[in-house]
Amino acid sequence: MTNKTERIIRLSVSYLILLIAVIIVIYPLLWVIGSSLNPGQSLSGSTMFPEDPTFKHYMGLFDTEKSNYVLWYLNSMKISLITMVFAVISVAFTGYAFSRYRFIGRKNGLLTFLVLQMIPNFAALIAIFVLANRTGLLDTHAGLILIYVGGQIPMNTWLMKGYLDTIPKELDESARMDGAGHLRIFWQIIMPLSKPIIAVVALFSFIAPFGDFILARIMLRSEEKFTMGVGLYELVSKQFGNEFTTFAAGSVLIAIPITILFLSFQKYFISGLTAGGTKG
Amino acid sequence: MNSNVTTKHRKNAGLLSIIPGFGQFYNKQFVKGIIFLVLTVAFFSSFSQTLNWGFWGLITLGEIPILDHSIFLLIDGIIALLVAIIGLGIYAFNIYDAFNNGKKRDEGFLLNSVREQYHNLLDNGFPYLMISPGFLLLIFVVIFPIIFVILLSFTNYDLYHSPPAKLVDWVGIQNYIDIFKLDLWRSTFFGVLGWTIVWTFGATTLQVAIGVFLAVVINQKDLKGKAFFRTILILPWAVPAFVSILIFSGMFNESFGVVNTQILSMLGIDAIPWMTEEVWTRLALILIQSWLGFPFIFAMTTGVLQSIPEELYEAANVDGASLFQKFRGITLPMVLYATAPILITQYTFNFNNFNVIFLFNGGGPAIPGQNAGGTDILISWIYQLTMTSGQYGKAAAITMLLSLIVVAVALWQFKRTNSFKEEDMM
């Protein structure tokens, strides 16, 4: 009997804890959805469950004459996609070279990457700012993309190398016996086998620029070049509270696709991180 | 095979290659020698101007205001430095190659023919070819900025010494001395450093604890609705962080935010000055970061828990272990062991977590007698010094101090990670 009561107490306490956790997690998200449906503009008048909900703020965002939101959306997509493509290509190359070849400078190269992945590349923000200014890359998307790609290389190279190390070397050796060249082995044997890790690297290097704020904020000056993060921040900070409901609508629109993308690829994220983490 | 007693090819070839290419000529590898010689001539004829100008600029940082732009000279100087390093690298390789081939001759081996050299180059060069695009990019967007910051921290570059109207000068370690000697800078630096450490350990430990705890609670065998709870609890990770932080910044607004107007008033608590009083802003930040960060730990722990063999718990049950004992003796060690490397990256992440600090309250509230805000961590203070007060030299020095801490932690972790000790890994 005591066993049974103990079990009931344990489960009830567990459910209670989980209920509280769920409320704390959900509340801010529901609140912002509620705010976005408020008819008013300001933070002060908005309630979580408006009496006369309206979609006018969503409409307003798509009105390209009044709002740059669509532009920001496209900018963010463009920057993230291009970053992803370049990052995947260069990471596949570097990861493969570090995993399969023994060359002079390999050990130091790996060490350099390990240390670089620890220092966020925006730590050198003064330098990035001055250099971009000097080279005329300030306020251009190209400059921002270059920085993002460079920032993605060290960590993802480690992930890639960790994964490639698990693919047996006998495979490439037998291919080499059959007369396959370096590029052929890389392209036709190793790459098809490393699809899972390529997916992980692609996801990481897409999400990172999308969620970045500081570099975009330093690099981008004109409003029509802003990314989502900088744009939304400007929207709130310009006159805090006065355009809050518009901001809320913008947040909801950006959060929904990312959340869906994220939830559907969640497993890869975790497997990719643990694979790279325990290996390196 | 005994010829190594009589010949001294390695020494001769090595010495001769002080003039690039001649060592190779001595080894009768004429094509290679000519390539080295041509490379050297080309290097000097195309870069001598760059090098001359660059090193002059690097040493003087310009002599005439308006005409000489110190910062541009500094950049050109770094380029010259990199070019010189690459040149020296090729030069060293030339000597190494001549010496090595001389050694081969001493030992009586035949040297490779041109065709073999070409194939060798292709084989050995392939990995370099593969890493070069990534590495070049790294040099320009990561390594170049780092060198720049290092050099900048030894200059007096600030609003009063701002080119082109004024020149920037080398000041040695004056910036570092100022940070530790001048009262305003010293108190600010240690204040910010203290909070950065409290923040890093407080926020990270809390998010780890919550994540592990919830994962363990959900993982109970007889608990229903696992999938539902797991999906909901992962949401804060899925929503882009900058969006959530801005939302929280609205919720914690002192006069209009829901936290004060609804939640606390419902509980009968007076409005709390979340944005204007240091202590409360700090508390809010730690709570918010826990909200943002726990799902990641939660998801990872869930993965680990599912891989713990059931027999361990059964054996513990036989021994009559309590719930808590099982948690402490089995679950926690297993989880910590599997996730330790990632936990450390969580700490370094929060150490530099600019977004949450800056987007929530801009590092504020302002503190009298300090030139950083009450919740500024090192990285956001650097941002402020650079972007708003133009204290570039000081900001660079602080960046150096910050990097020192991060690199120390990185190397410490590197030493602990066993996989590096495997012969083949490195």
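The model is predicted, so local features need pLDDT of at least 70 and side-chain atom pairs count only at pLDDT 80 or more, while totals for chains, interfaces and linings use all residues. Residues are numbered from 1 along each chain as its sequence is written, and chains are lettered from A and ligands numbered from 1 in the order in which they are written.

Select B:Leu214 to begin. This residue belongs to helix α7 (residues 183–218) of chain B; helices are DSSP runs of H or I, at least four residues, numbered from the N terminus. B:Leu214 is buried because 23 other C-beta atoms lie within 10 Å; the term requires 20 or more, exposed means 12 or fewer, partly exposed lies in between, and C-beta atoms are placed from the backbone. Beyond residues up to four places away in sequence, B:Leu214 touches A:Ala21, B:Leu233 and B:Phe298 (C-beta atoms, placed from the backbone, within 7 Å).

Select B:Gly268 next, in the loop between α10 (258–266) and α11 (278–306) of chain B. With 6 other C-beta atoms within 10 Å, B:Gly268 is exposed. From B:Gly268 to B:Val239 the separation is 29 residues in sequence and 31 Å in space, C-alpha to C-alpha.

Finally, display both chains: 74 residues of chain B are in contact with 71 residues of chain A. On the chain B side, helix α5 (residues 114–152) supplies the largest share, 18 residues. By class, that side has 58 nonpolar, 15 polar and 1 charged residues. Here Ala, Val, Leu, Ile, Met, Phe, Trp, Tyr, Cys and Pro count as nonpolar, Asp, Glu, Lys and Arg as charged, and the others, Gly among them, as polar.

Terms used
Helices (H or I, at least four residues) and strands (E, at least two) are DSSP runs, numbered from the N terminus. Two residues are in contact if their C-beta atoms, placed from the backbone, lie within 7 Å.
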